[in-house]
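The stops below are intended to be selected in turn.

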Amino acid sequence: MLMKTNKTFFHLTSAKAVIALLIAMVTPILYFSDENAEEKKLQQRQAALSALAEQIVFFFENDINTKINSQLSLTHSKLFKTTPINSPQLNQALQNYQAQNPEYIWVGVADTRGIIRSDSPPLLVGVDASERPWFKGGFNNSFFGDVHTAVLLQNLLPKNGRDTLRMVDISNPIYDDKNNLKGVLSAHLDWTWAENIIRENWLKSSDNRQIEIFLINAEDNVLYSSSGQDLSLGKNILKTNQDYLISTKALNIKSAKEDAQWKVLIRQMKSLSEISPPSSPLWFFGFLITTLSFLYLIVGYFIFRRHLNSENL
């Protein structure tokens, strides 16, 4: 009878010990499954940032190239080839072009010496623009410049609540019907054009929580920040990479000058996605069960030893 009691107790205790051991083994598996799930979410967020960066770059490249080609079509038109650049007809064409493209805050034509002969709005006729980048860059080729504050137009155009006007220049040479250079056509894009492209794509993003979007030039100077950070911070913004998921995508604008080779950088705090075991209910449950299971094994062992000793007395 004593032997039977010992065997029964042994079997029951062993069974419970096996169950406890299985729980102790399975719980870490559950934990690492949870860990892998969090890692997968992190990868999905990274993929989403990359997709958003590519989308913004696509919109920029498509819109910039469209504008350059539109301007080329204008310079190749019969009117521009055969009409004097200071004629009323050409000036009217500039007004029509600006009306069709309201993001241009100024459109003008300079002669081969850099003197502005026609413009819309009519603000700079007779002004020497020979030292301006848009004239030098557009003298022989299509030109897309870096963003800059207005110089000649700073005090001539409404700022609409802004301290300074920021713009981007697009220029192309004008040739007559005998292929002789007549002058340079330039259009100045209001910088809100770029801000709107970024903002519209940002709002369409499926996960825009704490996302920051930066437009950066070739020297890593920040041209635009969606968070409204001081642009003078410049490269310092790029030194905080360890706390962020980051995606960077460069624009491919063949006619851009060297410092206008922009790239889009998007970052999001890792804390939204990174593994944080103490805050995970599954991790806490697994830790509790594992601890209790090992305690049960230890206590069960000593109880079983004590029981055997008492039966042998």
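The model is predicted, so local features are given only at pLDDT of at least 70 and side-chain atom pairs only at pLDDT 80 or more, while totals for chains, interfaces and linings use all residues. Residues are numbered from 1 along each chain as its sequence is written, and side-chain values use heavy atoms, with hydrogens and water left out.

Select residues 181-190, which form strand E6. Helices (H or I, at least four residues) and strands (E, at least two) are DSSP runs numbered from the N terminus. Nine of the 10 residues of E6 are buried; buried means under 20% relative accessible area, exposed over 50%, and partly exposed in between (1.4 Å probe, protein chains only).

Val 168 stands opposite Leu 189 of E6.

Now move to the turn: E5 and E6 form a hairpin with five residues between them. Asn 179 lies in this loop, and its phi is near 70°, a positive value in a residue other than glycine. Asn 179 is exposed, with a relative accessible area of 58%.

**Helix H5**

Select residues 192-204, the 13 residues of helix H5. Which residues of H5 are buried? They are Trp 193, Ala 194, Ile 197, Ile 198 and Asn 201. Viewed down the axis of H5, these buried residues fall within an arc of 135°, so they line one face of the helix; the arc is that of the directions from the helix axis to the C-beta atoms.

**Two further loops**

Select Ser 120 and Pro 121, which are joined by a cis peptide bond with omega of about -5°. Pro 121 is in the loop between strand E2 (116-120) and helix H4 (133-137). Most residues other than glycine have a negative phi, and most peptide bonds are trans.

Finish at Asp 220, in the loop between strand E7 (211-216) and strand E8 (222-225). Asp 220 is not a glycine, yet has a positive phi of about 65°. Its relative accessibility is 23%, and Asp 220 counts as partly exposed.

Terms used
Expected span 1.5 Å × (residues − 1). Pairing = 2+ DSSP bridges.
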